[in-house]
Amino acid sequence: MRLPPSPSTAHNHPLLQLLRRCGDLPSLRQVHALLITTGLALHTFPLSRLLSAASRLSAAYSLSILDRITNPTVFLFNILISSATPHHPPELALSHYLRILASGRGLPAPLLFPNSFTYPSLFKLCRTYRLLDHGHAIHAHALKFLDPPFDHFVQSSLLCFYAITGRIDIVRILFDQIEDPDLACWNSVIDAYTRCDFVNKYIGITDTVGGNSAELSSEALSLFVKMLTCGVRPNEMTAVAVIIACANSGALYQGKWIHRYILKNGLKMNVFVATALIDMYSKCGCLDLAYQLFDKMPHRDILSYNAMIGGFAIHGHGHRALELFDKMKHEGLMPDNTTFVVTLCACSHVGLVEEGRRVFRSIKEDSGIDPKMEHYGCLVDLLGRSGQLEEALETVQSMPMKPNAVLWRSLLGAARVQVNLEIGEVALKNLLQLEPEISGNYVLLSNMYAASSRWDDASKVRQSMKDHGIDKVPGMSLVEIDGTIHEFLTGDRAHPNSMEIYYKLEEINGLLQEHGHRARTRTVMFDIEEEEKEDALSYHSERLAIAFALITMEPGIPIRITKNLRVCEDCHAITKLISVIYEREIIVRDRIRFHDFKGGACSCSDHW
DNA sequence: GTAGGGTTAG
């Protein structure tokens, strides 16, 4: 059938409203029949609604509708491309796009051309399903088929696509080409900076251009300021992206600033914004502020609970996390995967083994689904850290899926702390098979040999890392003073105040010795003399940061430090002492949790 | 028809 244009009344026809509410195939068939009898099925707009509804319910049915149309327009294909669902998988959406491209096959010219409504859907599809190669190819098509400059919809969907590839450099080039970017473009580019940070950290793309977490986040913030100076008014989504940037880099000062901005400028404190703020405050070390926000929320959903439980977890408040876990169920909210992850993690950080086991068992009982890999990971971590290594190993070997690298690594971590070489070697062997390219694994292996005084083996591992061009991740600490973030690497002398810092370190080391501190060198695993080991320790990045903060900051204000690695045993011991000697609270966020050093003790109770 | 959001083991 050939399609005449829709009658003007068709757009709000009652049958179309009915179509929107179709929840199953039989009722859709009924409405379809009615559309045919009323003649509406001959028009493009009603057909587009029909196709859209059909693709939500059945791929076969939507295809059968499409097949009966003699010359479907690009408009109808666009509808199908934009509606990827479980019933209408991405491959099907892509095949519709290919049909557009093939429309001229055997003819002197194509019948159909993709337009600027086609591409945003395609980029979204590639982003959602992580179809990176397709996305790049489709970008090339867009350059061929669309007249420059692309409109804002195409531009922003393109930015969002490149964000998931981790290529912030490409995102930035594309963004800089946009003339007069609108709110969507600004939101997309700011969001891209926070997303690339995520890609860097979790997806394991190591060759991203654009730097570390602090650099990406500070660029996100300066883009936000630039957006304001361009006179574009931010909305709640902008706020969320900026808050995530602050959470990722531990930028409390900027985080508080954006919080005030939201309140002052009438942005809505919706559940997204509030949850992001809760997460930001707890990741920036202000658990109290996070809880105040959580407590004041009129409506909390699973993600708000998860964020708060996760906050309790990283701050070592296992019991408060468990209370919230129960309260959530009491309020009728069904825990999801993440809830179980953060709750188990809370138990693990404090050594609540029995409680953790109970939570693990409740996964099946509460949600009816079998525990997933990440839940087994938490359980293994919980058992391993609390000294029950044999049971942890049994869990890994008997779990129903093939253990991943993270799982072997947590077992290895536990084996190392408890100096169990036998289990450690089993874990390492498996780990290196799964992740031959990750430097941390070799460092662990080398440290383990060193711990058992097998110096030759240890240095062989280090050499083979060098030979394979695998770099060790350098230890780095950030400290925020009056809104400026200062960055220190291990043994760093690049800071303008370097002289004073090292002078202060000498003072600190002297006082530490007076207080009876003897360096614990078990964690510095090089085959070097004892004195040299102590020396290497005294330059760990957090010490430089602490020394600098002690010089610069007013007394009485807590020092907040963010690290990219775990705190080493010796740094942990001396930070406890410094908190007494200098009467300062020192809050350290390491790679996975917080340590709140006060009056000679740490909030983690030395369990980390 | 069209971009876009918060939580996640080590």
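Colleague: Why is E435 counted as buried?

Modeller: Its relative accessibility is 14%. Buried means under 20% relative accessible area, exposed means over 50%, and partly exposed is in between (1.4 Å probe, protein chains only). So E435, at 14%, counts as buried.

Colleague: What am I looking at, and how is it numbered?

Modeller: This is a predicted model, where local features need pLDDT of at least 70 and side-chain atom pairs count only at pLDDT 80 or more, while totals for chains, interfaces and linings use all residues. Residues are numbered from 1 along each chain as its sequence is written, chains are lettered from A and ligands numbered from 1 in the order in which they are written, and side-chain values use heavy atoms, with hydrogens and water left out.

Colleague: How do you know that R409 and E435 meet in a salt bridge?

Modeller: You need a side-chain nitrogen of Lys or Arg within 4 Å of a carboxyl oxygen of Asp or Glu. R409 and E435 come to 2.7 Å, N to O, so the pair passes that test. R409 sits in helix 23 (residues 405-417) and E435 in the loop between helix 24 (421-434) and helix 25 (439-451), so the bridge ties together parts 26 residues apart in sequence. For helices we take DSSP runs of H or I with at least four residues, and for strands runs of E with at least two, numbered from the N terminus.

Colleague: What makes R409 partly exposed?

Modeller: R409 has 27% relative accessibility, so it counts as partly exposed.

Colleague: What makes D366 and K329 a salt bridge?

Modeller: The closest N and O atoms of D366 and K329 are 2.9 Å apart. D366 belongs to helix 20 (residues 353-367) and K329 to helix 18 (residues 318-330), so here the tie is between parts 37 residues apart in sequence. Both ends are partly exposed: D366 has a relative accessible area of 22%, and K329 has 29% relative accessibility.

Colleague: And what about D176 and R172, how far apart are their closest N and O atoms?

Modeller: They are 3.2 Å apart, and the two residues form a salt bridge. D176 and R172 both lie in helix 10, 4 residues apart, about one turn of the helix. D176 is partly exposed at 48%, whereas R172 is buried at 17%. Across the whole structure the search finds 17 salt bridges.

Colleague: Why is D180 called exposed?

Modeller: D180 has 66% relative accessibility, so it counts as exposed. It lies in the loop between helix 10 (168-177) and helix 11 (183-203).

Colleague: Where is E583, the residue with phi near 50°?

Modeller: E583 is in the loop between helix 30 (569-581) and strand 4 (586-589). That phi is again positive in a residue other than glycine, and E583 is exposed, with a relative accessible area of 69%.

Colleague: Is D590 buried or exposed?

Modeller: D590 is buried, with a relative accessible area of 3%. It lies in the loop between strand 4 and strand 5 (594-598). D590 and S477 are 113 residues apart in sequence and 8.9 Å apart in space, C-alpha to C-alpha.

Colleague: Which residues does A458 touch?

Modeller: Leaving out residues up to four places away in sequence, A458 touches S446, Y449 and A450, where contact means heavy atoms within 4.5 Å. A458 is found in helix 26 (residues 455-467) and is buried at 4%.

Colleague: Which residues are joined by the cis peptide bond?

Modeller: P148 and P149, with omega about -10°. P149 is in the loop between helix 8 (132-145) and helix 9 (152-164).

Colleague: How many helices and strands does chain A have?

Modeller: Chain A has 30 helices and 6 strands. Of its 608 residues, 50% count as buried. Its C-alpha trace spans about 95 × 55 × 55 Å along the principal axes. Among contacts between residues at least 6 apart in sequence, 65% join residues at least 24 apart.
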